[in-house]
Amino acid sequence: MNLKITSWLLISLVLAGLQARPQTVSTTKQAIEQLQKDVPNLMQKADIPGMSIALIRNGKLVWTGSFGVMNADTHKPVTPQTVFEAASLSKCVFTYGVLKLVEQGKLNLDTPLTKYLGNNYDVPDPRINLITARHVLTHSSGFPNWREFDNSKVLQIHFNPGEKWSYSGEGIVYLSKVVEKITGMPFEDFMQQTVLKPLDMNASSYTWLAKYDPIKAYRHDDFGKVTGRTEKVSGGLEAITEEANAAASLTTNAADYAKFIIAVLNGTGLKKSTRTQMLTPGIRVTKNYPALAWGLGVGLETMPDGTWFWHWGDNGDAKAFYMASVSAKNAVVYFANSSNGLSIAREILADAVGGSHPSLDNLGYERYNAPSRLLLKSIIASGASRPLESYRNERKTDTAKRINEQDMNNVGYALIRIKKLDDALAVFKQNTDDFPASWNAWDSYAEGYMDKGDKELAIKYYKKSLELNPESENGKKMLDKLLSGKN
């Protein structure tokens, strides 16, 4: 199941030459020069077609950069006017609006939201009556990220509100419905009136605008191929939703989004006490990274050099990220029209703001120079046989080049997507050799044979997977399909 160029010698040389630089804070001039030099190079290596980036120093916008193309097919260049998907960076701007309501006395962070909404939001679990705005903004509501992850149309609550941190877009959407009820305004109108216009974010909107048609960047997959964009089509919206989504639908660019970050850094538009609450840890994210916490609507890194607030955005084939130092008032924000957009985040931060950032370790996105990605590129260039042989030899003496089960699995699925089935099968075979006790490795191997049309081997390996994990619903479903001859 699924959840990257030449010889392995060349890969080794690339890895050796692309180690991350020490993340020291540079002067503004040095940071700009380094970004101008590094960003195009990183984009080329990571197969990122286009980017918009902004640098903030001492609470002021000092530089913006537009790189690459907004569409790899048309080669139309990214310009300062090009807009991108903010993805989950949408949540932070929404939080600013929510806090304005709190300051106006229209919303209490600790009052159950059902008291404002007047109903249970079609959630039968009585714990819905405990969830507050504070729970939602600190991602401790108990909701899943999205309800479809539960394979249920009914929104589930997985733990008592406030018990722990668990990221949830659903919670943000719920709070946005409460905001609409409180204000009597459609969500987009509320955001324009309360946040976007006051901050002069004139390029930004949570809904499609006609002016976006010639200037909105297209999404691209991990090979740099165009996969579409969110836009109005035949009266509907071809996107994650057909209406404004507080959790994910903001369209913007780096210069415009920087205005929001600058407002938070400088305390513009919010009372000092409100800003302090926003940037104070409300809940810790994980024991693995004790410095990581969540404030109101923003991630926090509580580091020796001070507190940083940050967020990442992931709409699949569109990515975004920002990191901001509360004390130094330095920040960087960037948007990429690529599935690989977060693979270069460490290098961008090193150039722009320095510091050490455990948030990136916790997110765990594959880096552009990761062994798995380089292996994939090598296989695409020359087939699977030699790169896999080189991989097996190299990892004997360099454990850093070992590829974990999930990353190797992802290489196989990436090859399936571009119809290189024999190469994918060789990769899946390597994974079963390396992780023979993994039911998921055998499941993927079976799926590869099913895609190839080899029913006999697909059945054999699904049975092997089910021996290791009899509870695998996917394995049981696929095996039944193969044995019954159903399409």
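Asn58 is exposed, with a relative accessible area of 55% (exposed means over 50% relative accessible area, buried under 20% and partly exposed in between, with a 1.4 Å probe and protein chains only). Asn58 sits in the loop between strand 1 (50–57) and strand 2 (60–71). This is a predicted model, where local features need pLDDT of at least 70, side-chain atom pairs count only at pLDDT 80 or more, and totals for chains, interfaces and linings use all residues. Residues are numbered from 1 along each chain as its sequence is written, and side-chain values use heavy atoms, with hydrogens and water left out.

**The overall picture**

- The protein has 18 helices and 15 strands; these are DSSP runs numbered from the N terminus, with helices being H or I of at least four residues and strands being E of at least two.
- A compact globule with 487 residues would have a radius of gyration near 23 Å, and the protein's 24 Å agrees with that (the radius is taken over C-alpha atoms, and the globule rule is 2.2 Å times the number of residues to the power 0.38).
- The C-alpha trace spans about 65 × 55 × 50 Å along its principal axes.
- Of the 487 residues, 54% count as buried.

- Most residues other than glycine have a negative phi.
- Ala87 is buried, with a relative accessible area of 0%.

**Helix 10, tucked inside**

- Helix 10 (residues 345–352) is largely enclosed by the rest of the structure, because 7 of its 8 residues are buried.
- The buried ones are Ala345, Glu347, Ile348, Leu349, Ala350, Asp351 and Ala352.
- Their cover includes helix 2 (28–46), strand 1, strand 14, strand 15 (331–336) and helix 11 (358–363).

**Ala54 in strand 1**

- Ala54 is found in strand 1 and counts as buried at 0% relative accessibility.
- The C-alpha atoms of Ala54 and Ala255 are separated by 5.8 Å, though these residues are 201 residues apart along the chain.
- Leaving aside neighbours within four places in sequence, Ala54 is in contact with Leu61, Trp63, Thr64, Ala254, Ala255, Ala258, Ala331, Val332 and Val333 (contact means heavy atoms within 4.5 Å).

**Lys319 in strand 14**

- Lys319 belongs to strand 14 (residues 319–325), and at 3% relative accessibility Lys319 counts as buried.
- The side chains of Lys319 and Asp314 are joined by a polar contact of 3.2 Å. A polar contact is a pair of N or O atoms within 3.5 Å; within protein, one must be able to donate a hydrogen and the other to accept it, and residues adjacent in sequence count only if both atoms are side-chain atoms.
- The Lys319 side chain also reaches the backbone oxygen of Gly316, at 2.4 Å.
- Not counting residues up to four places away in sequence, Lys319 touches a set of residues including Phe335, Ala336, Ser338 and Tyr365.

**His135 in helix 5**

- His135 lies in helix 5 (residues 133–137) and counts as buried at 18% relative accessibility.
- The side chain of His135 reaches the backbone oxygen of Leu130 at 3.5 Å.
- Leaving aside neighbours within four places in sequence, His135 is in contact with Leu130, Ser140, Ser141, Pro161 and Gly162.

- About 250 Å³ of space lies in the second largest pocket. Of the 13 residues that line that pocket, the closest to its centre are Ser88, Asn145, Trp146, Asp314 and Asn315.
- On a 1 Å grid over the protein atoms alone, a pocket is an open set of points with protein on both sides within 12 Å along at least five of seven lines, a cavity is a set where a 1.4 Å probe fits but cannot get out, and lining residues have an atom within 4 Å of a point.
- The second largest cavity has a volume of about 40 Å³; a volume is the space filled by probe spheres set on the grid points, which are joined across faces, edges and corners.
- Lining that cavity are Phe84, Glu85, Ala217, Tyr218, Arg219, Ala318, Ala336 and Asn337.
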